[in-house]
Amino acid sequence: MKRRTLLRPAGLLAAAASAALVLAACSSGGASGSATKDNPYGLIEAGTVRVASLGDAKPYTFTDANGNFTGFDVELFTDVAKRAHLGKAVFTGQDFSGLLSAVANHQFDVGVAAIGITDERKKTVDFSDGYLAGYLSVLTTRSSGIDSSADLAGKRLGVVQGTLQETYAVKHFPKASLVRFPDNNAAVSALNSGSIDAHFLDYEALKSYIAQYPDLKDAEDIPSFDAPAGFAIAKGNPALKKALDTALHAAMEDGTWKTLYQKWFPGSPMPEQYLPKAEQTSTPTPSK
Ligand code: SNW
């Protein structure tokens, strides 16, 4: 009365064989982004996580006097990469406008640069969960006569190409003449030399330029809570997304996020949804 138990193992074998075929097909081209046993997150090179970032987006991500990347996003991502056992994080400065396509094309494993999560951008890349929710801000000179975005009509307004500020300005400031720049430093030079009247950028970057140039001021802050910043990765890598999200939430829960926030954004209102759960007092701001 030996029972035929062969069917099940045989079925399993078939499943294993087809899974092996799929894996082989994925790795045969040597294309980056394919997961293997030694490289479970499909990094371009196992043991290193290549990060597309910005050299001049202080205090989010920028290079210090020695050329090393630092800032809130850099330190947070470095912590997350360590927790997720991704290996060494290597940052490279790009223009913002090319950053997401470089990630989508697997030239980099991750994009880290206060990149707001939007449905439009999700057509190109996937994102981790959000880790920052702040403002889009109008930086101008004390003598410009611009006291709010309503005064931008007829003025030359700088935006960095490819940013949410550019999209927002096209939609909401139709009477301003937009001047597009590759990065914030170029735009702020133009503002200081009088070739533009205002520049539209992230709030914390505005704060750092005002600290550097006392002739500059903040004319208006527009909430961008519906587009919290996230880490961008190529589409179709759920293992990497999950690893980043798990590590990110651990960094929030143990207070690492809060410590970095206070270090890099002193005096700024703290979005409560990223604090340890026990410290959240009010209804959190919605995040994606
Ligand atoms: O949408 C905000 C978010 O709420 C937070 O304040 C961090 O900045 C944003 O993600 C918007 N950042 C711009 C963008 O995503 C510009 C990024 C940059 O200059 N590096 O287009």
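In the predicted model, Thr140 is buried, with a relative accessible area of 0%. This residue belongs to strand β8, which spans residues 135-141. The side chain of Thr140 is joined to that of Ser144 by a polar contact of 2.7 Å. Leaving aside residues up to four places away in sequence, Thr140 touches Ile146, Leu191, Asp197, Ala198, Asp215, Leu216, Lys217 and Ala219.

Glu120 is found in helix α4 (residues 119-122), and its side chain makes a polar contact of 3.0 Å with the side chain of Lys123.

Strand β8 is also among the elements against which the buried residues of helix α7 pack. Within α7, which covers residues 203-212, the buried positions are Tyr203, Glu204, Ala205, Leu206, Ser208 and Tyr209. Besides β8, the packing partners of these buried residues comprise β2 (56-57), α6 (184-193), β11, β12 (216-223) and α9 (256-264).

Aromatic pairing was examined next. The structure holds 18 aromatic pairs. Elsewhere, one aromatic cluster is formed by Tyr60, Phe69, Phe72, Phe77, Phe91, Tyr131, Phe231, Trp257, Tyr261, Phe265 and Tyr274.

Members of this cluster include Phe72, Trp257 and Tyr261, residues that also take part in the contact between helices α2 and α9. Helix α2 (residues 72-83) packs with α9 at an angle of about 160 degrees, and the two axes are 9 Å apart. The angle makes α2 roughly antiparallel to α9, since angles over 145 degrees are assigned to that class. The crossing of α2 past α9 is right-handed. On the α2 side, the contact involves Phe72, Glu75, Leu76, Asp79 and Arg83. These residues meet Thr256, Trp257, Leu260, Tyr261, Lys263 and Trp264 of α9.

Key. Residues are numbered from 1 along each chain as its sequence is written. This is a predicted model: local features need pLDDT of at least 70, side-chain atom pairs count only at pLDDT 80 or more; totals for chains, interfaces and linings use all residues. Side-chain values use heavy atoms; hydrogens and water are left out. Helices (H or I, at least four residues) and strands (E, at least two) are DSSP runs, numbered from the N terminus. Buried means under 20% relative accessible area, exposed over 50%, partly exposed in between (1.4 Å probe, protein chains only). A polar contact is a pair of N or O atoms within 3.5 Å; within protein, one must be able to donate a hydrogen and the other to accept it, and residues adjacent in sequence count only if both atoms are side-chain atoms. Contact means heavy atoms within 4.5 Å. Rings of Phe, Tyr and Trp (its six-membered ring) pair if their centres lie within 6.5 Å; planes under 30 degrees apart count as stacked, over 60 as edge-to-face and the rest as tilted. Axes are lines fitted to C-alpha atoms, for helices over the stretch in contact, and angles run from 0 to 180 degrees between N-to-C directions. Angles under 35 degrees count as roughly parallel, over 145 as roughly antiparallel, 65 to 115 as roughly perpendicular and the rest as oblique. A crossing is left-handed if the near helix is turned anticlockwise from the far one by less than a right angle, and right-handed if clockwise.
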